[in-house]
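I opened my notebook to look a few things up, one entry at a time. Follow along with the structure beside you.

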There are 2 protein chains.
Amino acid sequence: MPEVIRDLVEKVLAGDRRAIARAISAVEDRDPVAVPLLKELFSRAGRALVVGITGSPGAGKSTLVEKLAREYRGKGARVGIVAVDPTSPFSGGAILGDRVRMQGLANDAGVYIRSMATRGQLGGLAPTTHDAVTILDAAGCEVVLIETVGVGQDEVEVARLADVTVLLLVPGMGDDIQTFKAGVMEIADLYVVNKADRPGADRIEQEVTAMLSLNSRPDGWRPPVVKTVATTGQGIGELCQALDQFRTFSERGDVRESRRKEHWRSRLLELLRQTLLERVVARQLRDGALDRQLDDLLSHKRDPYSVVEGIIAGFMARNGSRQS
Amino acid sequence: MPEVIRDLVEKVLAGDRRAIARAISAVEDRDPVAVPLLKELFSRAGRALVVGITGSPGAGKSTLVEKLAREYRGKGARVGIVAVDPTSPFSGGAILGDRVRMQGLANDAGVYIRSMATRGQLGGLAPTTHDAVTILDAAGCEVVLIETVGVGQDEVEVARLADVTVLLLVPGMGDDIQTFKAGVMEIADLYVVNKADRPGADRIEQEVTAMLSLNSRPDGWRPPVVKTVATTGQGIGELCQALDQFRTFSERGDVRESRRKEHWRSRLLELLRQTLLERVVARQLRDGALDRQLDDLLSHKRDPYSVVEGIIAGFMARNGSRQS
């Protein structure tokens with residue numbers, strides 16, 4: 001292992017914040033050091049509780065995450081926070097503001113906060129976030145909180161990599177349950193009615209409870225509904241307790257195990273697909289080779305299926321002869 | 001080539017409707033005959049004008065598509081229609097109703113209508129739709145109309161495989177432009193304000209025109225806005241003319257060529273990725289081999305990057321030695 005990677009690995013394992021930042025940046029940038037680094041760190045990861053926290057913009061996710069982080073800090077745990085930003089030109093400002101507010105935690109050496117942009121991630125958001133969690137986990141964070149806006153396939157995938165997923169709802173956004181029902185509602189293990197001091201909190205709690213009573217989960221878990229006022233810290237203790245209960249539940253049965261297995265199955269196949277394509281492109285489609293194939297397609301001289309077979313055959317022959 | 005495929009190819013090329021239906025079903029079901037069939041048909045395709053028609057539910061897409069088909073039929077062209085159905089339990093009924101209405105065309109041997117479901121398509125909707133277009137094109141359709149609901153990545157991709165994309169807007173859905181702006185608005189080559197006899201048609205036309213005046217396209221095309229009342233046929237002639245104008249424009253410059261090239265680039269890479277993964281999974285990850293790898297990952301004995309490298313190395317070695 002090169003000196004530079006060994007050095008970075010050691011510093012990450014020691015919880016060095018600048019090293020953690022560098023490691024996550026390497027993953028985001030697909031720097032060549034990323035893969036050897038992750039290989040080393042992976043064997044040291046797997047202990048953290050990964051909590052996904054999702055909800056509409058304005059639901060108070062950042063404030064809740066901050067308070068939850070403080071609660072875990074009070075118990076002596078080290079905490080990692082990955083805040084997934086939809087880098088839209090419209091919402092950029094507001095989210096930046098949230099981050100700045102969260103910086104109240106920034107002076108605590110036991111908390112590591114990282115924002116990740118959803119746009120421009122080669123190969124998708126989920127793999128990058130997952131690698132960031134591996135790094136924080138290896139760096140000794142007992143809890144990793146992933147904050148996402150609860151819309152879009154990307155965010156659903158990120159939620160899936162969590163051991164436990166929390167959905168934030170707030171009174172006065174009457175359409176929330178309707179909107180979320182499609183995809184996000186069913187992946188939540190815990191519901192939080194935040195801003196519970198506002199009118200309508202009881203109604204939304206009842207709606208969620210009613211909805212949950214209609215759908216029993218195959219694993220037998222009955223998702224609790226916790227009311228919080230994140231700004232004052234009210235209900236954060238109860239939320240922590242509920243998270244502990246789910247953790248105990250999921251570790252006792254095979255819920256956590258089977259969930260992680262499903263997650264790894266799709267992650268591994270995606271990584272395999274991505275890696276295979278990269279290698280074939282690098283070896284068979286360089287120097288305008290792809291454009292020549294495209295010209296054949298456009299003139300309908302060759303069909304796409306034959307072109308793909310030809311590319312794969314060329315790749316196999318070349319590598320086969322190299323290896324044998 | 002097996003007799004059964006040769007027979008099917010000949011019948012499709014002759015425009016036999018049952019053969020076309022069988023060919024498209026083979027693609028949807030990923031039947032083994034699909035690939036050899038498409039290989040044969042591909043060399044005979046590439047002449048059809050592919051028109052993507054998109055818009056919100058209730059915008060009148062099916063009626064417009066039907067009238068447009070009649071207009072082209074009046075000019076002697078053969079017409080293929082691919083209606084992409086979001087198979088949601090909620091909207092299923094309404095859409096089925098539209099199809100039934102469109103069956104007014106069903107007695108015309110010069111029109112081929114096919115519904116395709118968005119859900120449950122292995123490998124995504126876009127490839128399947130694309131193959132259906134190849135079949136209709138080879139079967140002699142001079143025009144292929146693809147109707148999609150203008151939401152979701154899938155539909156945007158389908159729109160991209162069209163030579164020209166039409167976006168339907170209707171008065172009284174004030175938020176339409178706002179909603180579409182993000183992704184669909186910018187891919188439209190032509191705008192239709194349908195139900196133009198309703199109040200608000202002029203306002204929506206002005207809004208679109210204003211929006212278009214702010215964003216000039218790199219190819220220099222200025223998308224026209226056509227007002228129609230699809231139920232009465234009003235404006236359908238003008239829409240046809242506008243489509244012809246875009247066709248002339250795009251064939252004169254390299255717009256059509258470069259658009260098809262971009263489309264094929266992503267389609268070819270996707271097909272390559274899919275095919276590679278299928279072969280590796282079939283040869284290296286059978287009989288519980290994937291599960292054993294997952295167990296190693298879950299216990300953090302091995303990291304995902306090393307696992308993927310191992311799978312690829314095994315695949316290459318096995319195939320290399322077979323070929324050399």
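This is a predicted model: local features need pLDDT of at least 70, side-chain atom pairs count only at pLDDT 80 or more; totals for chains, interfaces and linings use all residues.

Entry two: layout. I found 13 helices and 7 strands in chain A. Then I turned to the contacts in chain A with a separation of 6 or more, and residues 24 or more positions apart account for 77% of them.

I picked α9 of chain A, which covers residues 201-214. How far apart should its ends be? At 1.5 Å a residue, its 14 residues should span 20 Å, and the end C-alpha atoms are 20 Å apart, so the two values agree.

Next I asked which residues of α9(A) are buried. I wrote down Ala201(A), Ile204(A) and Val208(A). Looking down the axis of α9(A), I saw that its buried residues fall within an arc of 70°, so they line one face of the helix. On the other side of α9(A) I listed exposed residues, namely Asp202(A), Arg203(A), Gln206(A), Ala210(A), Ser213(A) and Leu214(A).

I found 42 residues from chain B and 42 residues from chain A in the contact. Which elements of chain B give two or more residues to the side that touches chain A? I noted α3 (34-42), α11 (255-284), α12 (289-298) and α13 (304-323) of chain B. The largest share of that side, 15 residues, comes from α11(B).

How values were computed
Residues are numbered from 1 along each chain as its sequence is written. Chains are lettered from A and ligands numbered from 1 in the order in which they are written. Helices (H or I, at least four residues) and strands (E, at least two) are DSSP runs, numbered from the N terminus. Two residues are in contact if their C-beta atoms, placed from the backbone, lie within 7 Å. The expected span of a helix is 1.5 Å times one less than its number of residues. A residue is buried if 20 or more other C-beta atoms lie within 10 Å of its own, exposed if 12 or fewer, and partly exposed in between; C-beta atoms are placed from the backbone. The arc is that of the directions from the helix axis to the C-beta atoms.
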